[in-house]
Amino acid sequence: MAAALLEPALLRRLEGLALQVRRAVSGQMGGERRSRKRGQSVEFADFRNYTPGDDFRLIDWNAYARLDRFMLRLFVAEEELPLSLFVDLSGSMDWGTPNKAVTARRLAGAIAYVALAALDRVRLTVFADGPTSGGAPYRGRRAAAQLFARLQSFPVGGVTNYQRLVWPIARQRPGLSVVITDGLGDPPIDGALVALQRAQQEGAVLQLLAPQEIVPDWSGDARLKDAETGLEREFTATPLTQGAYVNALAQRTAQIERAAVRRGLRFARLSTDTAIDAMVQGTLRRLGLLG
Amino acid sequence: MTFLAPAAAALALTIPAIVALYFLKIRRPTRIVPALHLWPNQIRDRQANVPWQRLRPSWLLFLQLLAAAVLVAAALQPALPAGAALARHSLVLVDASASMQATDLSPSRLGEARRQVNAVIDQLGPSDRMTIIAVGPTARILASVTGDRDALHRAVNEIKASNGPADLSAALILAAGLVRPGDDARAYLFSDGIVQPLRASFAAGLPFPVEYHRIGVSGENVGLTSLTVRTSAQARAAYLHVQNFGQQARSVSVEWRADSRLLDIRPLTLAAGQAQDLVLPVPADATSVTARLGGGDVFALDDSATAVAKTPRAFRVLLVTPGNVFLEQALRLRADLQIDVVAPAAYRPSAAYAMTVFDRFAPPTLPDGPVLVVDPPAGSALAGGAALGIGRVRAVDAGDQLLANVDLQDVHVARSQDLRASTFGRPLITSLQTPLVLVREEPYRRVLFGFDLHESDLPLRIAFPILTQNLSEWMLPPSVPSHSFHPDEPVTIVPEPGATTVSVIRPDGSRRPIAPGSIATFGDTDIIGAYTVEQVLAGRVQRSWFSVNLFSDSISQLKPPDRLTLPPTRTTSTQATHHGQLEIWPWIALAALGVVAAEWLAFHRGL
């Protein structure tokens, strides 16, 4: 199943990567990720005074010899990283060549696989006019096939409604969130990004667009039909009107980027004609999301 | 406003056609887009293939309708009524006389006249015709009965001002010759009104009305109106007459030169209208004297004057008479004539005399050269018929230069030979009974008086010495003329017997050859200044001089009259004058081009 979404060679290359967070996180289970908690690991974190009840195995006897006081050695706890993936599969994503929804699934799968390979916990949420849970959190590399199958099973369609994402986001434990969307919903994504900040989510917004919508490849008279709402309008494409569209799209992209940066999130605009490998190895590493 | 091509209004059908095209609806392919709200609400119908749709407001439609409307307007060739009333045949008389060189208007009066005439040409309708006549010392047709505007503009722009007067009479005669009876014609005179007096021949009127368009504003001018050199027993002196023709006092300087040597510069202040005479001694060796006014005014042509300072060469004249003190004294008034008087019996033909005067005597054969014969005896070849009783006398042509300043009002002749059958020449003075004085040009200039001077009171009148002077200077012009010539005035040049080459050197240095052997009339006197006549006589160069100056009070006074007395109109047909038309369609066509360009731009910008 995994092979159907991502090629084995790509998966092998993804295994060498890991998700990166700027601050320590707390998970529910041990993992390979630094936690805000003090725990058992080889990485020294700090000293603190001994208080009765503390594990006396952690008393630093060398410090006692120098200071004549009991000092406890604290170590960084290593825990799992909770990764939340929000994938837009609204009607507008079923557009373009290569198809945006297909590319979004593949990109989400690649990011999820990196997390699963590092024993991080992955929660998948697909959204259009409302959120659809991707089931229980996935953990471990063996869960990848299950996650990929789940990703591919979601239908594409419906009207984008970012407001409906606010509540599922608010329930997230602090961790890493990645939103994959074309960002074209109306009203814009700002409300969801505020929710991410409040939920102490690090992460990124990845705007995925088809090359044909970045630069329209047609001109002349047409009846335009909205992929999500089905609304229609007569239109004449000229250099002037196409320029106006390109400007509007650029403004929407800039608006999303500004909102993301303001909420401490990273932002990247991706084109579906870029290979998944190049997106992951290039854009996402440059963004500091993967390392 | 009138339309020169009203049939072009049919082209207005294009306007509803354009609107109709916009009613047709386009068949548009459906395109699914991810987010319709990002696409601007722009629609434009480029092509129609489905009827019908609601008409949408569109910049393109507006511009196309505007372009069509403006093009139709241009095709109608609208024309605005212009100021001047034009006839079907406009006779434009442009004053090209000396006074039109005045610069009181920029660039000059002639330049302003050219501008105004060009404006009139632009108002010509498609069926209008125009004739352009330049009015100078002679009248010249520059464009004859044509509607070709380019040719008319060219003709007007080629007009150059002469240094001479404006012979309006000649121009009107010329114009009248171009108008057929019944023609709708009108003449437009663009002039400063400083023209020669009209001849009496216009009493019957002209077949067209004449409009006077005054050109010029100022009469402020100081000019030299006379410069002569007189020789007295002691010395020679130049007499200069300077006059301020303006209404304001002027300070000028007068610069004197003998040949090219500076003699003197004198400051001079003249009140409004004041004239002053200046006298300056002339060096004995000077050939010419030039006076020049400094200070500058609007008319440069009368600011310099030249006079010949050389003493005229003497001519020997033989007077054959039984005794005529009147004739002898009148001839002796010319300082350059040496008069030898002989009785008829003593007469022997001699080549030494430049002119011979026979009084009551005629030899069997007249000598070669100028001859004046008075009352030839009966039986001679020149004698007329039996004597007739004569009363008052009159001039055949009062404007004849040979009778200039000759007043025949109180002249009477008792008896005269009957010269009615004489073939001697044309009559100069006549009476009711018979011509009295005949003149001829060929082969030599000769004069025949049919009456004995003693049978008339003519010798007792002031007219006699003047007439004698005129006739003798006509027959035998002095080597240095006693007066200055006016520009374009013909000058008679009498080559010396035996002269091999004769030429005239003009003030600008150009040389004009003259055929030797006979009296010549030299007409290239359009430039003011000193002219030199060179004759080669047996290998020796002999020079004589004459000067050409403006010397015209009427021209120098410069002030254009508000009204000009023009001949009456002899109306032969209804004057169907119409206002000239100023065609504005080129401007409308230009605007149409602008609208079409805007439409093209709008189309490509996708408006």
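Student: In which element of chain B is B:Val145 found?

Tutor: In this predicted model, phi of B:Val145 is near 40°, a positive value in a residue other than glycine. B:Val145 is found in strand 6.

Student: How many residues apart in sequence are the parts that the pair B:Asp128 and B:Arg88 ties together?

Tutor: The side chains of B:Asp128 and B:Arg88 meet in a salt bridge, at 2.7 Å from N to O. B:Asp128 lies in the loop between helix 3 (109-122) and strand 5 (129-135) of chain B, whereas B:Arg88 lies in the loop between strand 3 (78-86) and strand 4 of that chain. The pair therefore ties together parts whose separation in sequence is 40 residues.

Student: How many salt bridges does the structure hold over all chains?

Tutor: Side chains of opposite charge can pair when their charged atoms come close. Across the interface of chain B and chain A, the rule finds two salt bridges. Over all chains, the number of salt bridges is 35.

Student: Which residue of chain A meets B:Arg28 in a salt bridge?

Tutor: The interface is formed by 25 residues of chain B in contact with 31 residues of chain A. Across it there are also 13 residue pairs in polar contact, both residues being at pLDDT 80 or more. The salt bridge of B:Arg28 has an N to O distance of 3.5 Å, and the partner is A:Glu234.

Student: Which element of chain B gives the most to the side that touches chain A?

Tutor: Strand 2 (30-33) and helix 9 (585-605) of chain B each supply at least two residues of that side. By class, the side has twelve nonpolar, six polar and seven charged residues. The element that gives the most, with four residues, is strand 2 of chain B.

Student: What area is buried between chain B and chain A?

Tutor: The size of an interface is often given as the accessible area lost when the parts come together. Carbon and sulfur atoms give 62% of the area here. The value is about 2,800 Å².

Student: Which residue of chain A stands opposite B:Ile32?

Tutor: Strand pairing also crosses between the chains: strand 10 (residues 220-226) of chain A and strand 2 of chain B run parallel, joined by four bridges. B:Ile32 belongs to strand 2 of chain B, and the residue opposite is A:Lys225.

Student: At about what angle does helix 7 of chain B run to strand 25?

Tutor: Eight strands of chain B form an open sheet of mixed pairing, in the order 17-16-18-19-25-24-23-21. Its edge strands are strand 17 (337-342) and strand 21 (393-395), each pairing on one side only. Helix 7 (residues 463-475) lies across strands 18, 19, 23, 24 and 25 of chain B. The angle between helix 7 and strand 25 is about 150°.

Student: Where is A:Pro187 placed in chain A?

Tutor: A cis peptide bond joins A:Asp186 and A:Pro187, with omega about 10°. Another cis peptide bond, with omega about -5°, joins A:Thr97 and A:Pro98. The place of A:Pro187 is the loop between strand 8 (175-181) and helix 7 (190-198) of chain A.

Note on methods. Residues are numbered from 1 along each chain as its sequence is written. Chains are lettered from A and ligands numbered from 1 in the order in which they are written. This is a predicted model: local features need pLDDT of at least 70, side-chain atom pairs count only at pLDDT 80 or more; totals for chains, interfaces and linings use all residues. Side-chain values use heavy atoms; hydrogens and water are left out. Contact means heavy atoms within 4.5 Å. Buried area is the accessible area (1.4 Å probe) that two parts lose on being put together, summed over both. A salt bridge is a side-chain nitrogen of Lys or Arg within 4 Å of a carboxyl oxygen of Asp or Glu. A polar contact is a pair of N or O atoms within 3.5 Å; within protein, one must be able to donate a hydrogen and the other to accept it, and residues adjacent in sequence count only if both atoms are side-chain atoms. Ala, Val, Leu, Ile, Met, Phe, Trp, Tyr, Cys and Pro count as nonpolar, Asp, Glu, Lys and Arg as charged, and the others, Gly among them, as polar. Two strands pair if DSSP finds at least two bridges between them. Axes are lines fitted to C-alpha atoms, for helices over the stretch in contact, and angles run from 0 to 180 degrees between N-to-C directions.
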